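Please read it beside the sequence and the model.

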Amino acid sequence: METAISGIPEDIPEDFTKIRIEKSHLTEIPKSAFCRYKSLEHLWLNFNDITIIHIKSLEGLNNLTELRLEGNKLRSVPWTAFEDAPILKILDLKHNRLDVLPEHALKFLPRLTYLDLSFNQLTVTSKEVFLKWPVCDTAFKSGETAVPNVVLALHDNPWFCDCRLKGFVEFVTSLSPPIILMNSYLTCSGPEYMAGKFFHEIELKTCTKPVATTQSTNITMPLGANVTLPCFAMARPEPAVWWTYGLKILRGFHEFQTHVNEDTIKSELVIPSLHLTDRGVYTCTANNFIGNASISILVDVKSPDGSHPLSPSFPAAATEENIYIDIRIAKQTVYGITIEWYAVMEKPSETWFTIHFGRYDAPKKELIYIGPGINTYSVTDLLPATKYDICVTLKNQAPRNGQCIVFVTGSDMSEMEQREKLIHIVVIVLAMVLAVPAGMYACTTDTKFYCFERGMEMWRNWRRPEQTDRPDEGQGTFDSLQAASDEGLCKDSSEGRKTRRRSDDRTQKTKFDHKPTI
(Lines give C-alpha, C1' and ligand atoms only; values in the text may rest on other atoms or scores of the structure.)
Protein backbone atom coordinates (compact mmCIF):
# COMPACT_ATOMS: atom_id res chain seq x y z
CA MET A 1 0.00 0.00 0.00
CA GLU A 2 1.68 3.22 -1.15
CA THR A 3 -0.76 5.77 0.32
CA ALA A 4 0.03 6.87 3.88
CA ILE A 5 -2.67 5.89 6.35
CA SER A 6 -3.15 6.53 10.06
CA GLY A 7 -5.06 3.37 10.92
CA ILE A 8 -5.45 -0.24 9.93
CA PRO A 9 -7.78 -0.48 6.92
CA GLU A 10 -11.03 -2.34 7.52
CA ASP A 11 -11.48 -3.52 3.93
CA ILE A 12 -8.60 -6.02 3.92
CA PRO A 13 -9.93 -9.47 2.93
CA GLU A 14 -10.02 -11.77 5.93
CA ASP A 15 -8.33 -14.65 4.10
CA PHE A 16 -5.08 -12.75 3.46
CA THR A 17 -1.96 -14.54 4.68
CA LYS A 18 0.31 -11.49 4.34
CA ILE A 19 -0.37 -7.86 5.28
CA ARG A 20 2.17 -5.12 4.66
CA ILE A 21 1.57 -1.55 5.87
CA GLU A 22 4.76 0.53 5.61
CA LYS A 23 5.79 4.19 5.57
CA SER A 24 2.46 5.30 6.97
CA HIS A 25 1.40 7.13 10.10
CA LEU A 26 0.50 4.22 12.33
CA THR A 27 1.25 5.16 15.93
CA GLU A 28 0.01 2.07 17.74
CA ILE A 29 -1.13 -1.50 17.35
CA PRO A 30 -4.41 -1.59 19.27
CA LYS A 31 -6.06 -4.51 21.00
CA SER A 32 -7.22 -7.29 18.64
CA ALA A 33 -6.07 -5.21 15.66
CA PHE A 34 -5.79 -8.22 13.33
CA CYS A 35 -7.98 -10.80 15.05
CA ARG A 36 -10.23 -11.14 11.96
CA TYR A 37 -7.35 -12.47 9.90
CA LYS A 38 -7.14 -16.02 11.17
CA SER A 39 -4.93 -17.13 8.28
CA LEU A 40 -2.39 -14.32 8.65
CA GLU A 41 1.18 -15.60 8.56
CA HIS A 42 3.28 -12.54 7.67
CA LEU A 43 2.76 -9.06 9.15
CA TRP A 44 5.02 -6.22 8.05
CA LEU A 45 4.57 -2.84 9.74
CA ASN A 46 7.97 -1.30 8.98
CA PHE A 47 8.82 2.42 8.92
CA ASN A 48 5.78 3.74 10.73
CA ASP A 49 5.52 5.84 13.89
CA ILE A 50 4.43 3.05 16.20
CA THR A 51 5.19 3.79 19.86
CA ILE A 52 2.63 1.53 21.58
CA ILE A 53 1.80 -2.13 21.21
CA HIS A 54 -1.25 -3.26 23.17
CA ILE A 55 -0.68 -6.35 25.26
CA LYS A 56 -3.49 -8.12 23.34
CA SER A 57 -2.63 -6.69 19.92
CA LEU A 58 -1.77 -10.15 18.49
CA GLU A 59 -4.89 -11.82 19.80
CA GLY A 60 -6.19 -14.47 17.40
CA LEU A 61 -3.01 -14.72 15.31
CA ASN A 62 -2.30 -18.39 15.98
CA ASN A 63 -0.78 -18.84 12.49
CA LEU A 64 1.53 -15.81 12.54
CA THR A 65 5.14 -16.78 11.75
CA GLU A 66 6.70 -13.43 10.84
CA LEU A 67 6.40 -9.99 12.45
CA ARG A 68 8.51 -7.08 11.20
CA LEU A 69 8.50 -3.73 13.03
CA GLU A 70 11.68 -2.15 11.70
CA GLY A 71 12.09 1.63 11.81
CA ASN A 72 9.41 2.52 14.34
CA LYS A 73 9.63 4.44 17.64
CA LEU A 74 9.20 1.64 20.14
CA ARG A 75 10.83 2.23 23.51
CA SER A 76 9.41 -0.95 25.02
CA VAL A 77 7.59 -4.09 23.95
CA PRO A 78 4.92 -6.02 25.92
CA TRP A 79 6.69 -9.35 25.56
CA THR A 80 3.80 -11.34 27.02
CA ALA A 81 1.80 -10.30 23.93
CA PHE A 82 3.66 -12.99 21.98
CA GLU A 83 1.77 -15.68 23.89
CA ASP A 84 -0.97 -15.06 21.30
CA ALA A 85 1.46 -15.90 18.47
CA PRO A 86 2.79 -19.29 19.60
CA ILE A 87 4.49 -20.28 16.33
CA LEU A 88 6.21 -16.95 15.57
CA LYS A 89 9.60 -17.65 13.97
CA ILE A 90 10.81 -14.24 12.80
CA LEU A 91 10.79 -11.04 14.90
CA ASP A 92 12.44 -7.94 13.47
CA LEU A 93 12.76 -4.98 15.86
CA LYS A 94 15.81 -3.22 14.47
CA HIS A 95 16.03 0.57 14.24
CA ASN A 96 13.75 1.25 17.21
CA ARG A 97 14.46 2.84 20.60
CA LEU A 98 14.42 -0.18 22.89
CA ASP A 99 16.65 0.36 25.93
CA VAL A 100 15.64 -2.55 28.18
CA LEU A 101 15.32 -6.31 27.76
CA PRO A 102 13.41 -7.82 30.71
CA GLU A 103 14.72 -11.16 31.93
CA HIS A 104 11.53 -12.94 30.82
CA ALA A 105 11.39 -11.23 27.39
CA LEU A 106 12.12 -14.25 25.17
CA LYS A 107 10.41 -16.80 27.36
CA PHE A 108 7.18 -16.37 25.38
CA LEU A 109 8.75 -17.09 21.98
CA PRO A 110 9.27 -20.89 21.94
CA ARG A 111 9.54 -21.21 18.12
CA LEU A 112 11.50 -18.04 17.40
CA THR A 113 14.64 -18.67 15.33
CA TYR A 114 15.37 -15.14 14.05
CA LEU A 115 15.59 -12.11 16.34
CA ASP A 116 16.93 -8.74 15.23
CA LEU A 117 17.53 -6.18 17.99
CA SER A 118 20.24 -4.21 16.21
CA PHE A 119 20.31 -0.41 16.03
CA ASN A 120 18.41 0.15 19.29
CA GLN A 121 19.41 1.83 22.56
CA LEU A 122 20.38 -1.23 24.61
CA THR A 123 23.18 -0.49 27.07
CA VAL A 124 23.01 -3.26 29.66
CA THR A 125 21.33 -6.65 29.65
CA SER A 126 21.68 -10.02 31.32
CA LYS A 127 22.67 -13.33 29.79
CA GLU A 128 19.63 -14.78 31.57
CA VAL A 129 17.44 -13.11 28.93
CA PHE A 130 18.85 -15.42 26.29
CA LEU A 131 19.28 -18.49 28.46
CA LYS A 132 15.52 -18.39 29.05
CA TRP A 133 14.84 -18.29 25.30
CA PRO A 134 13.45 -21.81 24.71
CA VAL A 135 15.19 -22.36 21.35
CA CYS A 136 18.51 -21.16 22.73
CA ASP A 137 18.16 -23.32 25.80
CA THR A 138 17.45 -26.37 23.64
CA ALA A 139 20.48 -25.64 21.45
CA PHE A 140 22.78 -25.59 24.48
CA LYS A 141 21.42 -28.83 25.86
CA SER A 142 21.01 -30.87 22.66
CA GLY A 143 23.96 -29.89 20.48
CA GLU A 144 24.08 -28.37 17.01
CA THR A 145 22.37 -31.24 15.17
CA ALA A 146 19.23 -31.24 17.28
CA VAL A 147 17.86 -27.79 16.36
CA PRO A 148 17.87 -25.49 13.32
CA ASN A 149 20.10 -22.47 13.15
CA VAL A 150 19.14 -19.55 15.40
CA VAL A 151 20.06 -16.09 14.09
CA LEU A 152 20.56 -13.26 16.59
CA ALA A 153 21.41 -9.62 15.74
CA LEU A 154 22.61 -7.38 18.58
CA HIS A 155 25.08 -5.04 16.89
CA ASP A 156 24.99 -1.24 16.82
CA ASN A 157 23.65 -0.78 20.31
CA PRO A 158 25.42 1.57 22.76
CA TRP A 159 26.63 -1.25 25.05
CA PHE A 160 27.99 0.07 28.35
CA CYS A 161 30.79 -2.33 29.24
CA ASP A 162 31.00 -2.25 33.02
CA CYS A 163 30.59 -5.12 35.47
CA ARG A 164 26.83 -5.33 34.87
CA LEU A 165 27.51 -6.57 31.34
CA LYS A 166 29.98 -9.25 32.44
CA GLY A 167 27.64 -12.23 32.06
CA PHE A 168 26.28 -11.02 28.73
CA VAL A 169 29.76 -10.48 27.26
CA GLU A 170 30.78 -13.97 28.33
CA PHE A 171 27.61 -15.36 26.74
CA VAL A 172 28.16 -13.57 23.43
CA THR A 173 31.81 -14.54 23.13
CA SER A 174 30.99 -18.20 23.82
CA LEU A 175 28.31 -18.55 21.11
CA SER A 176 28.76 -21.09 18.35
CA PRO A 177 26.46 -22.85 15.85
CA PRO A 178 23.58 -23.48 15.81
CA ILE A 179 23.36 -20.01 17.44
CA ILE A 180 24.71 -17.49 14.96
CA LEU A 181 25.37 -13.79 15.55
CA MET A 182 24.57 -11.76 12.47
CA ASN A 183 27.51 -9.52 13.39
CA SER A 184 29.86 -10.98 15.98
CA TYR A 185 31.89 -7.78 16.37
CA LEU A 186 29.90 -6.15 19.13
CA THR A 187 31.59 -3.02 20.49
CA CYS A 188 31.50 -1.00 23.71
CA SER A 189 30.25 2.58 23.73
CA GLY A 190 31.19 3.26 27.35
CA PRO A 191 32.59 3.90 29.82
CA GLU A 192 35.13 6.17 28.20
CA TYR A 193 38.12 3.88 28.77
CA MET A 194 36.23 1.01 27.10
CA ALA A 195 34.73 2.90 24.16
CA GLY A 196 35.44 1.29 20.79
CA LYS A 197 36.68 -2.02 22.16
CA PHE A 198 35.26 -5.31 20.88
CA PHE A 199 33.60 -7.72 23.29
CA HIS A 200 36.23 -10.37 22.61
CA GLU A 201 38.98 -7.92 23.65
CA ILE A 202 37.70 -7.15 27.13
CA GLU A 203 37.49 -8.98 30.43
CA LEU A 204 35.03 -7.49 32.88
CA LYS A 205 35.18 -7.81 36.66
CA THR A 206 32.46 -8.76 39.11
CA CYS A 207 30.28 -5.98 40.53
CA THR A 208 31.03 -4.82 44.08
CA LYS A 209 29.31 -2.74 46.74
CA PRO A 210 30.75 0.75 47.34
CA VAL A 211 33.49 1.37 49.91
CA ALA A 212 33.98 4.98 51.04
CA THR A 213 37.25 6.13 52.64
CA THR A 214 38.97 9.38 53.48
CA GLN A 215 42.42 10.45 54.65
CA SER A 216 41.23 11.89 57.96
CA THR A 217 37.88 11.84 59.74
CA ASN A 218 38.73 14.81 62.00
CA ILE A 219 39.92 18.11 60.58
CA THR A 220 40.66 21.30 62.53
CA MET A 221 41.32 24.47 60.53
CA PRO A 222 41.63 28.17 61.39
CA LEU A 223 38.80 30.60 60.87
CA GLY A 224 38.69 31.89 57.28
CA ALA A 225 40.73 29.06 55.79
CA ASN A 226 39.75 27.28 52.59
CA VAL A 227 39.03 23.62 53.30
CA THR A 228 38.89 20.68 50.90
CA LEU A 229 37.33 17.45 52.17
CA PRO A 230 38.42 14.38 50.16
CA CYS A 231 36.40 11.19 49.76
CA PHE A 232 37.42 8.08 47.84
CA ALA A 233 34.57 5.87 46.61
CA MET A 234 35.51 2.47 45.22
CA ALA A 235 32.82 0.32 43.56
CA ARG A 236 31.77 -1.56 40.47
CA PRO A 237 29.80 -0.26 38.65
CA GLU A 238 30.76 3.37 39.14
CA PRO A 239 28.81 4.78 42.11
CA ALA A 240 26.91 8.01 42.43
CA VAL A 241 28.64 10.17 45.05
CA TRP A 242 27.19 13.06 47.04
CA TRP A 243 27.80 15.04 50.24
CA THR A 244 25.39 15.86 53.05
CA TYR A 245 25.82 18.33 55.88
CA GLY A 246 23.91 17.04 58.90
CA LEU A 247 23.54 20.40 60.64
CA LYS A 248 21.33 21.79 57.85
CA ILE A 249 23.25 25.06 57.41
CA LEU A 250 23.34 25.71 53.68
CA ARG A 251 26.17 27.53 51.94
CA GLY A 252 27.51 27.62 48.42
CA PHE A 253 29.98 24.73 48.50
CA HIS A 254 31.48 23.18 45.37
CA GLU A 255 32.16 19.52 44.68
CA PHE A 256 34.61 18.12 42.16
CA GLN A 257 34.92 14.51 41.03
CA THR A 258 37.85 12.83 39.31
CA HIS A 259 38.61 9.21 38.40
CA VAL A 260 41.57 7.73 40.25
CA ASN A 261 41.20 4.49 38.30
CA GLU A 262 38.40 2.55 36.65
CA ASP A 263 36.96 1.48 40.03
CA THR A 264 37.61 4.57 42.20
CA ILE A 265 36.20 8.08 42.21
CA LYS A 266 37.72 10.90 44.22
CA SER A 267 35.16 13.46 45.34
CA GLU A 268 36.36 16.74 46.87
CA LEU A 269 34.06 19.10 48.75
CA VAL A 270 35.43 22.64 48.87
CA ILE A 271 34.40 24.91 51.75
CA PRO A 272 35.58 28.45 51.01
CA SER A 273 36.49 30.85 53.82
CA LEU A 274 35.64 28.65 56.79
CA HIS A 275 33.04 30.13 59.19
CA LEU A 276 32.11 29.09 62.71
CA THR A 277 28.79 27.94 61.30
CA ASP A 278 30.62 25.49 59.03
CA ARG A 279 31.65 23.46 62.03
CA GLY A 280 30.03 20.04 61.98
CA VAL A 281 29.87 16.65 60.32
CA TYR A 282 30.10 16.25 56.54
CA THR A 283 29.11 12.86 55.13
CA CYS A 284 30.22 11.47 51.78
CA THR A 285 27.86 8.78 50.43
CA ALA A 286 28.49 6.44 47.50
CA ASN A 287 25.70 4.37 45.99
CA ASN A 288 25.25 1.85 43.19
CA PHE A 289 22.63 -0.82 42.48
CA ILE A 290 24.24 -3.24 44.96
CA GLY A 291 24.29 -0.97 48.00
CA ASN A 292 25.75 2.14 49.57
CA ALA A 293 28.52 3.24 51.89
CA SER A 294 29.37 6.49 53.64
CA ILE A 295 32.18 8.15 55.53
CA SER A 296 31.84 11.16 57.84
CA ILE A 297 34.37 13.93 58.46
CA LEU A 298 34.14 16.13 61.57
CA VAL A 299 35.26 19.68 60.82
CA ASP A 300 36.30 21.92 63.72
CA VAL A 301 37.08 25.63 63.53
CA LYS A 302 39.96 27.24 65.43
CA SER A 303 39.81 30.95 66.21
CA PRO A 304 42.74 33.26 65.35
CA ASP A 305 44.05 33.11 68.94
CA GLY A 306 44.22 29.32 68.80
CA SER A 307 41.21 28.59 70.98
CA HIS A 308 38.18 26.51 69.95
CA PRO A 309 35.08 28.67 70.45
CA LEU A 310 31.76 26.92 70.48
CA SER A 311 29.64 27.37 67.43
CA PRO A 312 25.98 27.96 68.32
CA SER A 313 25.04 25.24 65.83
CA PHE A 314 27.35 22.62 67.32
CA PRO A 315 27.05 22.73 71.14
CA ALA A 316 29.38 20.69 73.26
CA ALA A 317 28.02 17.71 75.10
CA ALA A 318 27.30 18.32 78.75
CA THR A 319 27.84 15.25 80.87
CA GLU A 320 25.25 16.34 83.41
CA GLU A 321 22.47 16.43 80.80
CA ASN A 322 20.13 13.50 81.29
CA ILE A 323 17.39 13.92 78.69
CA TYR A 324 15.12 10.94 78.17
CA ILE A 325 15.10 9.65 74.57
CA ASP A 326 12.20 7.55 73.29
CA ILE A 327 13.47 5.30 70.47
CA ARG A 328 11.60 2.72 68.41
CA ILE A 329 11.65 0.79 65.16
CA ALA A 330 9.53 2.76 62.70
CA LYS A 331 9.90 0.49 59.69
CA GLN A 332 11.53 -2.80 58.79
CA THR A 333 12.21 -4.64 55.55
CA VAL A 334 14.11 -7.72 54.50
CA TYR A 335 17.25 -5.62 54.12
CA GLY A 336 17.16 -3.24 57.06
CA ILE A 337 15.32 -1.11 59.58
CA THR A 338 14.44 2.55 60.13
CA ILE A 339 14.59 3.87 63.67
CA GLU A 340 12.76 6.90 65.01
CA TRP A 341 13.40 8.78 68.24
CA TYR A 342 11.91 11.61 70.27
CA ALA A 343 13.49 13.67 73.04
CA VAL A 344 12.01 16.49 75.14
CA MET A 345 14.48 19.36 75.33
CA GLU A 346 14.53 23.12 75.73
CA LYS A 347 16.41 23.95 72.51
CA PRO A 348 15.76 21.24 69.89
CA SER A 349 17.14 23.45 67.11
CA GLU A 350 20.57 23.43 68.78
CA THR A 351 20.77 19.79 69.78
CA TRP A 352 22.44 17.05 67.80
CA PHE A 353 22.55 13.29 68.32
CA THR A 354 24.93 10.42 67.78
CA ILE A 355 23.88 7.00 66.49
CA HIS A 356 26.01 4.07 67.65
CA PHE A 357 25.54 1.07 65.39
CA GLY A 358 27.23 -2.29 64.93
CA ARG A 359 27.23 -5.93 65.86
CA TYR A 360 26.14 -6.57 69.41
CA ASP A 361 29.49 -8.03 70.45
CA ALA A 362 31.64 -5.55 68.53
CA PRO A 363 33.92 -3.57 70.87
CA LYS A 364 33.71 -0.48 68.66
CA LYS A 365 30.52 0.77 67.01
CA GLU A 366 30.10 2.93 63.93
CA LEU A 367 29.24 6.53 64.87
CA ILE A 368 26.83 8.60 62.79
CA TYR A 369 26.30 12.23 63.78
CA ILE A 370 22.77 13.56 63.26
CA GLY A 371 22.01 17.28 63.20
CA PRO A 372 19.09 19.20 64.73
CA GLY A 373 15.65 18.63 63.25
CA ILE A 374 16.37 15.04 62.18
CA ASN A 375 14.93 12.13 64.16
CA THR A 376 14.98 9.14 61.81
CA TYR A 377 17.77 6.97 60.45
CA SER A 378 17.80 3.93 58.15
CA VAL A 379 20.17 0.97 58.36
CA THR A 380 20.46 -1.30 55.31
CA ASP A 381 22.52 -4.24 54.05
CA LEU A 382 22.24 -6.23 57.28
CA LEU A 383 23.83 -9.65 57.45
CA PRO A 384 21.65 -12.72 58.08
CA ALA A 385 21.67 -14.51 61.46
CA THR A 386 23.40 -11.57 63.17
CA LYS A 387 22.71 -9.76 66.43
CA TYR A 388 22.91 -5.97 66.14
CA ASP A 389 22.88 -3.07 68.60
CA ILE A 390 21.76 0.45 67.67
CA CYS A 391 21.67 3.35 70.13
CA VAL A 392 20.73 7.03 70.00
CA THR A 393 22.50 9.39 72.41
CA LEU A 394 22.42 13.09 73.08
CA LYS A 395 25.31 14.91 71.43
CA ASN A 396 28.49 12.86 71.96
CA GLN A 397 27.50 11.05 75.13
CA ALA A 398 28.03 7.33 75.57
CA PRO A 399 24.92 5.11 75.34
CA ARG A 400 22.90 4.70 78.52
CA ASN A 401 20.25 2.24 79.62
CA GLY A 402 17.09 2.63 77.58
CA GLN A 403 18.77 4.31 74.61
CA CYS A 404 19.45 1.17 72.56
CA ILE A 405 17.62 -1.44 70.51
CA VAL A 406 19.00 -4.94 70.09
CA PHE A 407 17.65 -7.03 67.22
CA VAL A 408 18.49 -10.27 65.47
CA THR A 409 18.25 -10.91 61.74
CA GLY A 410 16.86 -14.16 60.37
CA SER A 411 18.96 -17.01 59.05
CA ASP A 412 17.81 -16.80 55.43
CA MET A 413 17.58 -13.48 53.57
CA SER A 414 15.15 -14.99 51.08
CA GLU A 415 12.60 -15.95 53.70
CA MET A 416 11.11 -12.50 54.04
CA GLU A 417 8.17 -13.32 56.24
CA GLN A 418 10.16 -15.44 58.69
CA ARG A 419 12.93 -12.88 59.05
CA GLU A 420 10.62 -9.92 59.56
CA LYS A 421 8.71 -11.80 62.22
CA LEU A 422 11.92 -12.72 64.04
CA ILE A 423 13.21 -9.16 64.04
CA HIS A 424 9.85 -7.83 65.13
CA ILE A 425 9.37 -10.10 68.13
CA VAL A 426 12.85 -9.41 69.48
CA VAL A 427 12.34 -5.66 69.09
CA ILE A 428 8.96 -5.72 70.82
CA VAL A 429 10.39 -7.34 73.93
CA LEU A 430 13.08 -4.68 74.05
CA ALA A 431 10.67 -1.86 73.30
CA MET A 432 9.40 -1.97 76.90
CA VAL A 433 12.92 -1.15 78.06
CA LEU A 434 12.85 1.94 75.89
CA ALA A 435 9.43 3.07 77.09
CA VAL A 436 10.11 3.12 80.85
CA PRO A 437 12.65 5.10 82.89
CA ALA A 438 16.06 3.52 83.32
CA GLY A 439 16.26 1.31 86.40
CA MET A 440 12.53 0.72 86.72
CA TYR A 441 12.17 -2.53 84.82
CA ALA A 442 14.18 -4.10 82.04
CA CYS A 443 13.54 -6.88 79.55
CA THR A 444 16.22 -8.38 77.33
CA THR A 445 16.28 -10.81 74.43
CA ASP A 446 17.18 -13.60 76.83
CA THR A 447 14.06 -13.25 79.02
CA LYS A 448 10.76 -15.04 78.67
CA PHE A 449 7.64 -13.32 77.39
CA TYR A 450 6.26 -12.97 80.94
CA CYS A 451 8.82 -10.19 81.24
CA PHE A 452 6.88 -8.28 78.60
CA GLU A 453 3.63 -8.68 80.53
CA ARG A 454 5.25 -7.61 83.80
CA GLY A 455 6.81 -4.58 82.16
CA MET A 456 3.45 -3.58 80.68
CA GLU A 457 1.79 -3.72 84.09
CA MET A 458 4.50 -1.62 85.75
CA TRP A 459 4.35 0.84 82.85
CA ARG A 460 0.65 1.45 83.47
CA ASN A 461 1.21 1.93 87.20
CA TRP A 462 4.03 4.36 86.60
CA ARG A 463 2.13 6.46 84.05
CA ARG A 464 -1.11 6.95 86.03
CA PRO A 465 0.12 9.77 88.37
CA GLU A 466 1.40 11.79 85.40
CA GLN A 467 -1.50 11.36 83.01
CA THR A 468 -2.99 14.72 83.95
CA ASP A 469 0.32 16.49 83.30
CA ARG A 470 1.23 14.98 79.92
CA PRO A 471 -1.77 13.01 78.64
CA ASP A 472 -0.97 13.35 74.96
CA GLU A 473 2.66 12.37 75.24
CA GLY A 474 2.07 9.40 77.50
CA GLN A 475 -0.75 8.07 75.39
CA GLY A 476 1.25 8.44 72.20
CA THR A 477 4.20 6.44 73.52
CA PHE A 478 2.07 3.72 75.03
CA ASP A 479 -0.11 3.37 71.94
CA SER A 480 2.87 2.93 69.68
CA LEU A 481 4.18 0.12 71.88
CA GLN A 482 0.80 -1.51 72.19
CA ALA A 483 0.43 -1.48 68.43
CA ALA A 484 3.77 -3.19 68.08
CA SER A 485 2.96 -5.84 70.67
CA ASP A 486 -0.34 -6.66 69.00
CA GLU A 487 1.33 -7.14 65.65
CA GLY A 488 4.25 -9.23 66.82
CA LEU A 489 2.77 -11.45 69.54
CA CYS A 490 -0.89 -11.89 68.65
CA LYS A 491 -2.67 -13.36 65.67
CA ASP A 492 -3.58 -10.82 63.04
CA SER A 493 -7.19 -9.74 62.70
CA SER A 494 -9.06 -6.95 61.05
CA GLU A 495 -9.87 -5.46 64.44
CA GLY A 496 -6.22 -5.61 65.47
CA ARG A 497 -5.15 -3.92 62.28
CA LYS A 498 -7.63 -1.08 62.84
CA THR A 499 -6.40 -0.63 66.43
CA ARG A 500 -2.80 -0.44 65.29
CA ARG A 501 -3.65 2.00 62.54
CA ARG A 502 -5.40 4.35 64.95
CA SER A 503 -2.52 4.02 67.41
CA ASP A 504 0.06 4.80 64.77
CA ASP A 505 -1.95 7.82 63.62
CA ARG A 506 -2.05 9.22 67.15
CA THR A 507 1.64 8.58 67.67
CA GLN A 508 2.60 10.27 64.43
CA LYS A 509 0.33 13.22 65.08
CA THR A 510 1.47 13.93 68.63
CA LYS A 511 5.19 13.30 68.36
CA PHE A 512 6.64 13.08 64.92
CA ASP A 513 5.08 15.78 62.77
CA HIS A 514 7.29 17.45 60.16
CA LYS A 515 10.42 15.42 60.68
CA PRO A 516 13.00 15.46 57.91
CA THR A 517 14.64 12.22 56.91
CA ILE A 518 18.24 11.57 55.98
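Helices (H or I, at least four residues) and strands (E, at least two) are DSSP runs, numbered from the N terminus. The model is predicted, so local features need pLDDT of at least 70 and side-chain atom pairs count only at pLDDT 80 or more, while totals for chains, interfaces and linings use all residues. Residues are numbered from 1 along each chain as its sequence is written, and side-chain values use heavy atoms, with hydrogens and water left out.

**Largest pocket**

- A pocket is defined on a 1 Å grid over the protein atoms alone, as an open set of points where a 1.4 Å probe fits, with protein on both sides within 12 Å along at least five of seven lines; lining residues have an atom within 4 Å of a point.
- The largest pocket has a volume of about 1200 Å³, a volume being the space filled by probe spheres set on the points, which are joined across faces, edges and corners.
- Its lining has 43 residues, and Thr283, Ser294, Glu366, Ile368 and Tyr377 are the closest to the pocket centre.
- At least two lining residues come from each of strand E12 (208-213), strand E15 (240-245), E18, E19, strand E22 (353-359), strand E23 (366-370) and E24.
- E19 gives the most to this lining, with seven residues.
- The lining is made up of 22 nonpolar, 14 polar and seven charged residues; Ala, Val, Leu, Ile, Met, Phe, Trp, Tyr, Cys and Pro count as nonpolar, Asp, Glu, Lys and Arg as charged, and the others, Gly among them, as polar.

**Strand pairing**

- Two strands pair if DSSP finds at least two bridges between them.
- Strand E18 (residues 280-287) runs antiparallel to E19, with eight bridges joining the two.
- E18 and E19 form a hairpin with four residues between them, and Asn287 stands opposite Asn292 in E19.
- Strand E13 (residues 218-222) is parallel to strand E19 (residues 292-302), and five bridges join them; here Met221 stands opposite Val301.
- An open sheet of three strands has the order E20-E21-E24, with antiparallel pairing; its edge strands are E20 (325-332) and E24 (376-379), each pairing on one side only.
- Strand E21 (residues 337-343) pairs with E24 over four bridges, and the bridge partner of Glu340 in E24 is Thr376.
- An open sheet of four strands has the order E12-E14-E17-E16, with antiparallel pairing; E12 and E16 (254-261) are the edge strands.
- E12 and strand E14 (residues 227-236) pair over four bridges, with Met234 in E14 as the bridge partner of Val211.

**Nonpolar core**

- A nonpolar core is a set of buried Ala, Val, Leu, Ile, Met, Phe, Trp, Tyr and Cys residues joined through side-chain atoms within 4.5 Å.
- The largest nonpolar core has 61 residues, and those with the most contacts inside it are Phe34, Trp79, Leu91, Phe130, Trp133 and Phe199.
- Helix H3 (166-173) is one of the elements that supply at least two residues of this core, and the largest share, four residues, comes from H3.

**Backbone details**

- Most residues other than glycine have a negative phi, and most peptide bonds are trans.
- Pro177 and Pro178 are joined by a cis peptide bond, with omega about 15 degrees; Pro178 is in the loop between H3 and E10.
- Phi of Lys23 is near 55 degrees, a positive value.
- Lys23 counts as exposed at 64% relative accessibility (buried means under 20% relative accessible area, exposed over 50%, partly exposed in between, with a 1.4 Å probe and protein chains only).
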